[in-house]
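Subject: Structure handover

Hello,

Here is the structure I promised to pass on. Please open it beside this email and follow along.

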Amino acid sequence: MATKAEFYPAKRYKTNDHSNSETGAGHSSLSRAAYVDSSIADDVKTSEVNSNPICYLTRAETFSACHRLHSNQLSDEENVKIFGKCNNLNGHGHNYKVEVTVRGPVSPSTGMVINLSDLKKFMKHAIMDTMDHKHLDLDVSYFKDIVSTTENLAVFIWKSLSPLLPAEVQLHEVKVHETEKNIVVYRGEEYYPPMCN
């Protein structure tokens with residue numbers, strides 16, 4: 001793949017300077033272009049040495065779990081009205097698909113943002129070991145007083161996974177597919193309600 005420097009052949013311009021060496025008659029505009037193009041080429045080389053491209057890497061995992069949508073802050077009647085059949089006392093299950101996207105510089109030595117083996121290990125700890133074939137409300141303490149909606153599940157995965165990543169790698173997005181039609185995306189954003197005076 002050609003670099004930007006190859007599109008600015010400074011040496012070609014320098015060797016084709018049309019100034020008259022015998023008369024000393026003027027340095028042409030072409031020689032001035034050679035100086036500018038040489039500077040651009042040097043800047044491109046410096047930029048390539050001092051910076052690393054930023055890439056986004058996504059890995060997906062699937063797990064099965066059951067839960068019941070029920071809020072302790074609501075009455076039984078309100079829970080049934082809001083959550084309907086998902087409030088069934090014995091719960092129900094899903095085959096969840098989780099897509100985790102991380103962001104970071106491409107290492108000059110490895111060519112990677114993060115070793116996929118490491119990301120797989122981190123996701124196994126934060127997702128698979130914690131929730132696969134589990135009852136979210138009974139087996140995961142986080143959901144003891146938090147409704148196990150897909151929204152809250154995405155937040156939980158973010159909070160569990162983010163501390164495991166290397167310092168130079170940022171968690172960019174957690175996407176949870178509850179069904180083929182119901183999908184939640186969380187990017188670490190928080191909303192703070194306005195303070196009442």
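Start at Leu119. Setting aside neighbours within four places in sequence, Leu119 is in contact (heavy atoms within 4.5 Å) with Leu57, Arg59, Val102, Ile114 and Leu165. Leu119 sits in helix α4. Its relative accessible area is 0%, so Leu119 is buried. Buried means under 20% relative accessible area, exposed means over 50%, and partly exposed falls in between (1.4 Å probe, protein chains only). Leu119 and Val102 are 17 residues apart in sequence, and their C-alpha atoms are 9.2 Å apart in space.

A word on the source. This is a predicted model: local features need pLDDT of at least 70, side-chain atom pairs count only at pLDDT 80 or more, and totals for chains, interfaces and linings use all residues. Residues are numbered from 1 along each chain as its sequence is written, and side-chain values use heavy atoms, with hydrogens and water left out.

How far can you trust it? pLDDT is the predictor's confidence in each residue, from 0 to 100. The protein chain has a mean pLDDT of 85, and 74% of its residues reach 70 or more. Take care with residues 2-24, where pLDDT stays under 50. The model has 28 contacts beyond four places in sequence for that stretch. Where pLDDT is low, the predicted coordinates should not be read in detail.

Now the overall layout. The protein chain has six helices and five strands. Both are DSSP runs, numbered from the N terminus: helices are H or I with at least four residues, strands are E with at least two. From the N terminus, the order is α-α-β-α-β-α-β-α-α-β-β. Of the 197 residues, 31% are buried. Take the contacts between residues at least 6 apart in sequence: 67% of them join residues at least 24 apart.

Next, the core. A nonpolar core is a set of buried Ala, Val, Leu, Ile, Met, Phe, Trp, Tyr and Cys residues joined through side-chain atoms within 4.5 Å. The largest one has 33 residues, and Phe63, Ile127, Met131 and Leu153 have the most contacts inside it. At least two of its residues come from each of β1 (54-67), β2 (92-105), α4 (116-131), α6 (150-161), β4 (170-177) and β5 (183-186). In soluble globular proteins, nonpolar side chains tend to be buried together. Look at Met131: beyond four places in sequence, its contacts include Phe63, Leu136, Val140, Leu153 and Phe156.

Two polar residues are worth a look. Which residue does the side chain of Glu99 join in a polar contact of 2.7 Å? The partner is His177, again through its side chain. A polar contact is a pair of N or O atoms within 3.5 Å; within protein, one must be able to donate a hydrogen and the other to accept it, and residues adjacent in sequence count only if both atoms are side-chain atoms. Glu99 lies in strand β2. It counts as buried because its relative accessibility is 18%.

Ser148 is in the loop between α5 (136-139) and α6. Ser148 is buried too, at a relative accessible area of 1%. Its side chain makes a 2.8 Å polar contact with that of Asp137. Ser148 also touches other residues, including His67, Arg68 and Phe143.

Last, the cysteines. There are zero disulfides (pairs of cysteine sulfur atoms within 2.5 Å) in the structure. Cys66 is partly exposed at 25%, and Cys86 is partly exposed at 24%.

Best wishes
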